[in-house]
Protein chains: 2
Amino acid sequence: MGASIYPDFPPKTTLEQQDYLLSNIKDWSILNGLAIRPSTSLLSTSTDLSGTLAATAPVTLYPSLFPRACFHEARAIQKAYNELYAAIARDQNWLRQIVQQLIEVDDFIASLWNVHLEVEKEGYVQNLSLGLFRSDYMVHTDPANPDSKPTIKQVEFNTIASSFGGLSTKVSQLHSYLNEIAAYPPTSPPTIAYPSFPANPCIESLSHGFSTAHRAYGPSKSSPSLPLCILFIVTVPESNIFDQLALSTPLQTAYEIPTFRLAFSAILDHTTVSSNKHRILNYSPPHSPEMSYEVSLVYFRAGYSPSHYPSSASWDARLHLERSAAIKCPSILTHLAGSKKIQQELATPNSPHLANFLSRTSSADLIDRIRNTFTAIYPLDDTPEGQHAIRLATSAKDSEGYVLKPQREGGGNNVYGSKIPAFLAGLGDDQQRWRSHILMELIKPPTLRNSILRNGEVQSGEVIGELGVYGVCLWRNGHDEAGGKKNGGDADGEVLENWEAGFLLRTKGSESEEGGVAAGFGAVDSPCLVDV
Amino acid sequence: MGASIYPDFPPKTTLEQQDYLLSNIKDWSILNGLAIRPSTSLLSTSTDLSGTLAATAPVTLYPSLFPRACFHEARAIQKAYNELYAAIARDQNWLRQIVQQLIEVDDFIASLWNVHLEVEKEGYVQNLSLGLFRSDYMVHTDPANPDSKPTIKQVEFNTIASSFGGLSTKVSQLHSYLNEIAAYPPTSPPTIAYPSFPANPCIESLSHGFSTAHRAYGPSKSSPSLPLCILFIVTVPESNIFDQLALSTPLQTAYEIPTFRLAFSAILDHTTVSSNKHRILNYSPPHSPEMSYEVSLVYFRAGYSPSHYPSSASWDARLHLERSAAIKCPSILTHLAGSKKIQQELATPNSPHLANFLSRTSSADLIDRIRNTFTAIYPLDDTPEGQHAIRLATSAKDSEGYVLKPQREGGGNNVYGSKIPAFLAGLGDDQQRWRSHILMELIKPPTLRNSILRNGEVQSGEVIGELGVYGVCLWRNGHDEAGGKKNGGDADGEVLENWEAGFLLRTKGSESEEGGVAAGFGAVDSPCLVDV
């Protein structure tokens, strides 16, 4: 935590003010689907009422103050970030070289890569890819330059299952509503003002992204032609289901696209891939087994974690989808592009990669602005940077300023500061296992206060916010539809659609060291922009 | 239950079809606020999570078949019904004569009347009244004429706290959504078709009613002028809160009218009536006690049941609101106009009252259509009709075809068929206590099947549906603002706004004998119109 740069906020409240605020939050949330399925640990099965219960999603009582310039910068560079990751996902050769450093130490990445190799053997039949990205940042104040302006530093870039877009739009609406009905007590000096609450288009913008990919799939390739559909690949049960439904329901109603939820574990039960050259993905819903749909788009809200692959059948299912003609969001190479190792390669000082990927589409200034969001990230390997990092990470004193992260997606396994040396010692002498991690300089966010409503309890105090910016990107890979092996031929590919798609502010208690709301530590928030 | 007049419906489902239907109902309901606060009897306090839990509202899985002509007739006559009850509420002399027959036997009606008398003494200062009515019907098939067309027969006319308008619009949307996503298995012959699902404008139409009354209140009468607000008078806790919020939230957001919930029991704590001639109703919200609002409209969602008046202070509170300048929805006289005794007076064969009230505004044909909705209703008094009714009600055989209802609003105390003689015997010899009831011929609805999701359980079988049609009516009473005593001078009053405002279909198991969803026996439904 750096020093505070913000005005005093939120205001102190009387008991009656807090009651009014809370009852409005609880009521508005349920009225508008800002909800989760309650944790089974909080309810006994007998009171679950067959899955008819819901609870207010964890939210902050107030929007959190956020530097206006940082907010706008994060959104302004998202299209360039989309270009960057679309280019990485198209550059199979570069990806191979990165992945090969990892496959010995990371089974999960090795298995993902194998899926790609399997499909490559027979050739890809779908050359379109949809990216629904989220770039996550924290506000950073330089401890060495306390008078300098705060900047944004990237925490991670998500290429699969970037969640909370649905709830995020609603939290922005909730906080605006609370402000409109004067549920927020006045501040002195006035801090909360309506123009400070940016509208958040996530739901509309992400749904539009799915529908755009669906249209780009084109007409049915089946003969006779079949109705097209979108599949959301999910885990069951899913406490965060209303976040997903906020995106799928507009697809069904506004866009009139049949959209189904399919458990990752049930993929092989209800889908087939046609044996002809088109490799059409067909879906027959269990409730209507006589119907066959042709799947235009597969959206993964599962499959990002090793725990989703309990058996070899799980990997068969992933391969099954990947080799099909359905557009994937994301493709397996796009999924791999989100590995921490990629982030580290880009952020290595004097690395040429960023410029290589972006120089065709972005100005030098824009590339610099992207680079400015990088914090120092090191491999733990035998390069000079790696050896420097190992010295930092094994030092009780130097490790204080760092976080150790696994290459894998999904969060939940980060090791912070002074705990790093003991953790690495626990890995033993096998330096290969060390290489499945990266070392990242800790970002120093300014001190901030807020209150969180979670599981019916209110907790107030110092918090840390993480801003995510969503991006939608649809691109054509370089290979041809006939099954040619040109995937990764980046010179041939092209970005067809690219837009910034709204934002997410997640806030957690500053004593907590993990950022995911789903992981049980934080809340969905919205920014109140301030000039600092 | 009469014979069935409907096609075979709903269709039989496979387990998978039922699962798909149920999961979509549970998900859509929470996503869209079609919810209730779960009953405390189903959840222990420890799992209540401080009021952050909600549950799917009790709904039918399918829309219920409903005769198209009956549906349109019920809606078509609603404006005339609004005129009728607005005229009754303005005719203080006629009301007095009815009420005087009841005050000895019904403390509650006596107390309501006393509130009117108290205000009348000093004169009314508000000559506008808002009615938000709901006329409830059942489909009737004449057992003597099995080939005749079904008709609608009125169950009751509600003049206070006509609930479920908010949830009703949403159930219509839910059933349409389920149909759109093909969650309903096909029927043979096809019964469910989109044009058969009428759109239900309750939320929009009722909210517009409140805003119209708010505007009609005019500018602040305070000096200096105060911001105006609407008060919803409610019970706390309220499991049906999301029904109410569906109406109040648009007032706050679309109409930008400050709208507050105030517990009936807390009226005197937070409101005052100015001591000047205007008798302005002021409200200071507990969360913002330094603010004072001038109340334009008081909407009662509490106060209709004797249980809401545990002490004389409760009656002081009702008087306090009634004598103020705020428009009441409903006024005390409008509340009284909803008594069953009024319904019985209108429905007495050869009664002149209906024509007297309506001849100025409605055609003879329209008056006949209203009269056709009446079923035989008798007093239990010493008139010839009353003596006839007593003979019916005390006969084991004849009582079969009747229901005994208290004059009071709120439901829950009806006595059916063969239970009537014993119930009356239990009242003892005091014929005065008998007079607090009316005897009503039972309506014979055609056999119908549906399934209800309630408290997480699905129950399927024969059901009975009750169609309510909402009406909004704003009228000017005959008295003057200066405090004259002309209330009830019906010749001077006039209806300013009058519209039909959507509908409600409530459905219960046919073995259940009470109609209120709130009372724990039924579900919110929507009609699927059929030509029978």
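Which helix of chain B lies across S1 and S2 of chain A together with S1 and S2 of chain B? It's helix H1, residues 15-31, and this helix runs at about 130° to S2(B). Keep in mind as you look around that this is a predicted model.

Four strands make up an open sheet, and going across it you meet S1(A), S2(A), S2(B) and S1(B), with antiparallel pairing. Its edge strands are S1 (35-36) of chain A and S1 (35-36) of chain B, each of which pairs on one side only.

Where do the chains join up in this sheet? S2(A) pairs with S2 of chain B, residues 53-56, in the antiparallel sense, and 3 bridges hold that pairing.

## How the chains meet

Now step back to the whole interface. On chain A, 41 residues are in contact with chain B, and 41 residues of chain B are in contact with chain A. The size of an interface is often given as the accessible area lost when the parts come together. Here chains A and B bury about 3,600 Å² between them, with 62% of it on carbon and sulfur atoms. Which residues of chain A lose the most area to chain B? They are A:Leu31, A:Thr52 and A:His287, which together account for 19% of what that side buries.

There are polar links here too. Between the two chains you'll find 2 salt bridges, and 9 residue pairs are in polar contact. One salt bridge to look up is the one between B:Asp27 and A:Arg37, where the closest N and O atoms are 2.9 Å apart. As for the pieces of chain A that touch chain B, the elements giving two or more residues are helix H1 (15-31), strand S2 (53-56), helix H6 (165-180) and helix H8 (241-253). Sorted by type, the residues on that side of chain A come out as 21 nonpolar, 14 polar and 6 charged.

Over all chains, the structure holds 34 salt bridges. One of them pairs A:Arg506 with A:Glu466, with 3.2 Å between the closest N and O atoms. This pair links distant parts of the chain: A:Arg506 belongs to strand S19 (residues 494-509) of chain A and A:Glu466 to strand S18 (residues 457-476) of chain A, 40 residues apart.

## Backbone details to look up

Two peptide bonds deserve a look. In chain A, a cis peptide bond joins A:Phe9 and A:Pro10, with omega about -5°. You'll find A:Pro10 in the segment before H1 of chain A. In chain B, the bond from B:Ser223 to B:Pro224 is cis, with omega near -5°. B:Pro224 belongs to the loop between helix H7 (202-217) and strand S7 (228-234) of chain B.

Which residue has a positive phi of about 55° although it is not a glycine? That's A:Glu256, in the loop between H8 and strand S8 (259-263) of chain A.

Methods
Residues are numbered from 1 along each chain as its sequence is written. Chains are lettered from A and ligands numbered from 1 in the order in which they are written. This is a predicted model: local features need pLDDT of at least 70, side-chain atom pairs count only at pLDDT 80 or more; totals for chains, interfaces and linings use all residues. Side-chain values use heavy atoms; hydrogens and water are left out. Contact means heavy atoms within 4.5 Å. Buried area is the accessible area (1.4 Å probe) that two parts lose on being put together, summed over both. A salt bridge is a side-chain nitrogen of Lys or Arg within 4 Å of a carboxyl oxygen of Asp or Glu. A polar contact is a pair of N or O atoms within 3.5 Å; within protein, one must be able to donate a hydrogen and the other to accept it, and residues adjacent in sequence count only if both atoms are side-chain atoms. Ala, Val, Leu, Ile, Met, Phe, Trp, Tyr, Cys and Pro count as nonpolar, Asp, Glu, Lys and Arg as charged, and the others, Gly among them, as polar. Two strands pair if DSSP finds at least two bridges between them. Axes are lines fitted to C-alpha atoms, for helices over the stretch in contact, and angles run from 0 to 180 degrees between N-to-C directions.
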